[in-house]
Amino acid sequence: SRVARLPDSTRTMLSATGRLAFACCFAALAFVSIAETNGTSSFPANATNNGSVDCAAGLSEKKKTVEGFVAVVVAVLFFGSNFVPVKKFDTGDGMFFQWVMCTGIWLVALVTQLVLRFHPDNDNNLNRTTSVPFQPEALVGGFLWTTGNLFCVPVIKCIGLGLGMLIWGTLNCVGGWASGRFGILGVKASLPGSEAKNFSGVALCVVGVIMFLFVKSAGKKSKLEEESPGERARLISSKQIQDSNVARLKSHHPPPSPTTRKEDLDDSWVDRMNPKTKKIAGSLMAVAAGLLFGVSFNPVTHLEQSDCHNPQNGLDYAFSHFSGILLTSTFYFLIYCIIKKNKPQVIGQAVLPGLVAGIMWAIAYGAWLIANTNLTQTISYPMVSTLPGLVSALLGIFVFAEIRGAKNLTFFGLACCFIVGGSVLTALSKN
């Protein structure tokens, strides 16, 4: 119904851009088909020289693949919506909120560890008490993720959410995919079944992330702008009377000392930068965040690949990995409290939403661990690192009405086409 009310020129533009995006995806599929025709084998990967196929292995591999894609769906839905509970609450400068959120993440890891501890190993009929030890190496992954997450708030303040997410989202997608595909920082290379589909899928996902740069959220009007002209005049008059009273009080009381004023001001170190320095610092921090996000899975993947006696289920490393997240977040929060001279911004109303956001995030991350184990990072990473943005954008359109206007909807449609098309290609490159 909304599309029907748009002007003819706008509908024509939307239709044309939609056809263009689908044409790009179709061209990528055609390129993949030609490449596969020229260079792939028709024999199954597990076929022997006499043509026999190990059916049991095939069924087991199929089950793992299905579980992996189900985990991808769970991760995408929860990553795309985990900040919804926080949307209507003030989170201050983000440090206290991050610590509360990381506490919620660790609570999920604790419950998961207790369940796995007393759940028998169906393959070996063993209790997991001895087969799932605490893995100190997995703590490093939690440190990497938390450090990258710490950069996000100053990045948004320096260069804005759109450009910040573009930089760290692109590097996160490419970095995580490249770690699995080429074998970077301790991870063994995992070759996809189809090189052409995999490379094309990642490229389309990256283009889709870039498209999100042009999607702008509708800002809320101030209360003064929403009032009628008469009410606005009354408010302005009241404001002038207030200002005169404040000025009269100031004449009887001396101004605060420079030390007091410095403590009372809420300006952060970012606000004291000049625009050029702010842009450079924000871009560098966004690059650092993206690279840290992209390699945060490497310690867990290295543990799975380095020793066949190590657990091969990604959830077995969740407690160790999430403990690294909580420990690192607590360490940074203590440093923050010292810098603020024991006067941190503690927002009481952010506690419950922060815990809920952390629980949802932990569920998504646990599902991502399963997807990485069953599909490899080469397949799962491009999908899970880009598709949650579509879920968030859809919520912004249909639930919060943040994304409006023909231009925004056009770029959103293009981003959808590229990311969905890239994700489909990446999924098909499994076999």
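Predicted model: local features only at pLDDT ≥ 70, side-chain atom pairs only at ≥ 80, totals over all residues.
Arg181 is buried here, with a relative accessible area of 12%.

**The salt bridge**
- Searching the whole structure turns up one salt bridge.
- Glu195 counts as partly exposed because its relative accessibility is 31%, while Arg181 is buried at 12%.
- As a general point, side chains of opposite charge can pair when their charged atoms come close.

**Helices H3 and H4**
- H3 (residues 95-117) packs against H4 (residues 136-159) at about 150°, and their axes are 11 Å apart.
- That angle is why H3 is roughly antiparallel to H4.
- The two helices cross in a right-handed way.
- On the H3 side the contact uses Met95, Gln98, Cys102 and Ile105, and on the H4 side Trp145, Thr146, Asn149 and Leu150.
- Sorted by type, the contact residues come out as five nonpolar, three polar and no charged.

**Around Leu303**
- Leu303 is part of helix H11 (residues 298-306).
- Its relative accessibility is 6%, so Leu303 counts as buried.
- Beyond its neighbours within four places in sequence, Leu303 is in contact with Gln135, Glu137, Ala138, Asn310 and Tyr317.
- Leu303 and Glu137 lie 166 residues apart in sequence, yet 7.9 Å apart in space, C-alpha to C-alpha.

Terms used:
Residues numbered from 1 in each chain as written. Heavy atoms only, no water. Helix = DSSP H or I, 4+ residues; strand = E, 2+ residues; numbered from the N terminus. Buried < 20%, exposed > 50% of the residue type's maximum accessible area, 1.4 Å probe, protein only. Contact = heavy atoms within 4.5 Å. Axes fitted to C-alpha atoms, helices over the stretch in contact; angles between N-to-C directions. Parallel < 35°, antiparallel > 145°, perpendicular 65-115°, else oblique. Left-handed = near helix turned anticlockwise from the far one by under 90°. Nonpolar A, V, L, I, M, F, W, Y, C, P; charged D, E, K, R; others polar. Salt bridge = Lys/Arg side-chain N within 4 Å of Asp/Glu carboxyl O.
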